[in-house]
Amino acid sequence: MTIRHFAAAGLIAVLAACHAKSSADTVALSSTDVDTVEATEVCTSDYATIEITPEAVRMADSVLATLSVDERIAQLFVPRLDIKADAAGYANIKTIMSDYGMGGILFGKGTIDTYAKLLNYTREHSKIPPMVTFDGEWGLAMRIPDAPRFPYAMALGATRRPDLMEAYGREVARECRLMGVQVNFAPDLDVNSNPGNPVIGHRSLGGDAENVGQLGAAYCIGMSRGNVMTVGKHFPGHGDTSVDSHKALPTVDHSTDQMTATDMLPFKICIEAGMPAVMTGHLRVPALDPTGTPASLSPAITEGWLRDTLQFKGLIFTDALAMKGATDDRNNNCVSALLAGADLLLGSGAPVTDYKAVKKAVADGLISADTITARCRRVLIYKYALNCHKAPHLDGASLKKELETADCTSLIDSLCTAAITMLSNRSAILPLRDGAAEVVVIGSGADAFIEVVKAARPNYKIHQVNQSTPLSAATRKAIATGNTVVVIASADAWAVNAYKTALAANPDLCAVFLTNAYRLSKFPATEAGAVIVTYDCFPAMARAAARAVLGEAPISGRMPVDVPGRASIGLGITFIP
C-alpha cells in the first residue's frame, strides 16, 4: 500500500467513524426518520454533512403546514434564468418567485453588481426564502467573470493535495456566502477516462477514481465549514462519454463492475464523507438500467443505485432538464424525474409549463401528494439548515473588495504552484541557470509568465509568436544557440507547427504547455529537454509556471489523466528548490 493509499484509507476510516457517530445527530432524510430528530451532540470531526438542527426541522414543518399541494410542488423547482438586472429580468423573477412561488433559483452569467441586484430582488419577491444555487466549478468566476478565478479541476487533480482542496472549499464557501449563495454545483466527480470527452475534460479532477473521490471529499468538507451545500455530479459518471448531454443523450457502455469500481467510486467516497447533495446526469447506462432511460429519469439508477445501493440520504438534484439528454418521449421530463426519485428539478425547459404538468400528474394520481409532501419537507429542512432565511442584502459596490482578499490570492497561488507538473527534465535543464536565455511564447495569454521572467531575469530575450508572426530566421538561430524556453499557449495547427520548428532548431529546449493536458497529444511525441504542463492558462497559473521554470518554487504535480502516447496517470518529477 502506498502512502497515498494509506492516507486515503485513513481519511475514509475517520469519516466513516464520524458518520456512524453522527447518524443519530443529523436528520436521516426519509419522511419517517426526519420526524424523530432529537437535539444531541454534533460530530465535529472531518465530516461534510450540513448540520440539520431541531430548529431547522421545526421551522420547516411550520412552513410546510401552511402550504397547499400546489405550493409544495413549486418548492421543488429551481429554474435557471439567463437575464439582466432590467425591467424584463425583474418581471421574469416576479413570475417565477412571486406568482408561482418556486423554491430556488439559478442565474446565468453576470457581474458581481448584476448578481447583487437580481438576488436582492429575488428575495424581496419570494414568499418562502429561496434556495440560491450556483454553478461554480472553478469558483464564482465560472459565472461571474469579475470574481476570483481558481484553477480548473484537472489542475487541482494534479495537486493530489486534500489539504489544499479543503482550503479551496472553505474559501469558495466564504465567497458564496458573501454573494448570498447557499448551494454550489460542485465538485465534478466524473472520472474522465475518455480524452475525447466533449463536455467534461478539464472539469474533471482526473482519471484516477480514488484521487477524484479523495479530493472531492476534501472539497465537500471545506465547503461545509462555511455551511454551503456541495452537489457532486454527474451521477453515475459522465467521464467516459463521447457525446455532450447538452445536445444529445450519451451512453456509458461500462459493465456493472466498471461502474462500481470506477465511475461510482468517487460518489461512494464522498457520500461516506457526508456529501449532502448529488446531481444525476442525463446518461444512458445499460448496465445499471437496461431500459436505456437517462439516469436523471431512471428509478433504477436514482432510487435503486443512488438511494438503495450507495445509501445516499441527502438531496438529489437533476442536471438541467432543458438539456437535450433529458428528453422523455412518454412523460413530461419533470414528472419523470420526480417519479425516478429526484427532489429538485433544475433548469427545466419551461418552468411554468412544467410546473403545470407536475400539478396534473398529481391530480391524475401518477405522483402521490404524499411524495410531493415528503420531497418538499426535505427541501425546506435543508433551506433552514442552510440559513436561506438569513441571507444578507447585497451591496455590489463593496462585494468585489470583500471577495478579493490577500488570503484568497495566496490560496490561488498555492493551488497553481501545487498543480505544476514536470514530465521530463533531460540533462537537468531545469531550473534555468542565470545568464542569457531565449523565451519563445507561442500564442496569447502568457503575459503573466513574461512579466515574472522579465522581473527576475531582465537579461532573458522574449520572442512573441502568433499566427500572423511566424518564427523568423533570427529567432530560430537564437533558439539553436542558447538556453531556450518555449511557452505554448495555443494548440491550434499553426502553434503546433511553430513548436515543431523550434524543436527542430533545439531539441533540448524546455517546453511549458499552458494548456489542457489532453492537448499534449497534438504535439510531437519526441520529448524536449524538459516538459512542464500546467493544465490551465489564466494569469495565476502562468505566474506559477514561470516561478517553477526559474527554480523559485517547488514542482510536485502528478498527471491526473492518461494522455495516450505521451503521459500516464501519476507521472511527474519532483523538484525542491
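Biologist: Which residues of helix H10 are buried?
Modeller: In helix H10 (residues 265–272), they are Pro266, Phe267, Ile269, Cys270 and Ile271. Buried means under 20% relative accessible area, exposed over 50%, partly exposed in between, with a 1.4 Å probe and protein chains only. Helices (H or I, at least four residues) and strands (E, at least two) are DSSP runs, numbered from the N terminus.

Biologist: What follows H10?
Modeller: Glycine 274, with a positive phi near 95°.

Biologist: What is the mean pLDDT?
Modeller: This is a predicted model, where local features need pLDDT of at least 70, side-chain atom pairs count only at pLDDT 80 or more, and totals for chains, interfaces and linings use all residues. Residues are numbered from 1 along each chain as its sequence is written, and side-chain values use heavy atoms, leaving out hydrogens and water. The mean pLDDT of the protein is 90, and 92% of its residues reach 70 or more. pLDDT is the predictor's confidence in each residue, from 0 to 100.

Biologist: Where is the pLDDT below 50?
Modeller: Over residues 1–45. Beyond near neighbours in sequence, that stretch has 57 contacts in the model; contact means heavy atoms within 4.5 Å. Where pLDDT is low, the predicted coordinates should not be read in detail.

Biologist: On to the sheet. What is the strand order?
Modeller: S2-S3-S4-S5-S6-S7-S8, an open sheet of 7 strands with parallel pairing. Two strands pair if DSSP finds at least two bridges between them.

Biologist: Which strands stand at the edges?
Modeller: Strand S2 (80–81) and S8. Each has a single partner strand, so one side of each is left without a neighbour in the sheet.

Biologist: How many bridges join S6 to S7?
Modeller: 3, between S7 and strand S6 (residues 229–235), in parallel. Valine 231 has alanine 277 as its bridge partner, and phenylalanine 235 has threonine 280.

Biologist: And how many bridges between S7 and S8?
Modeller: 4, also in the parallel sense, with S8 covering residues 315–318. Methionine 279 is bridged to phenylalanine 317.

Biologist: Which way do the S7 residues point?
Modeller: In S7 (residues 277–280), Ala277 and Met279 point one way, Val278 and Thr280 the other way. All are buried.

Biologist: Last topic. Where does alanine 350 sit?
Modeller: In the loop between strand S9 (345–346) and helix H13 (351–363). Alanine 350 is partly exposed, at 31% relative accessible area. Its C-alpha atom is separated by 7.9 Å from that of alanine 322, 28 residues apart along the chain.
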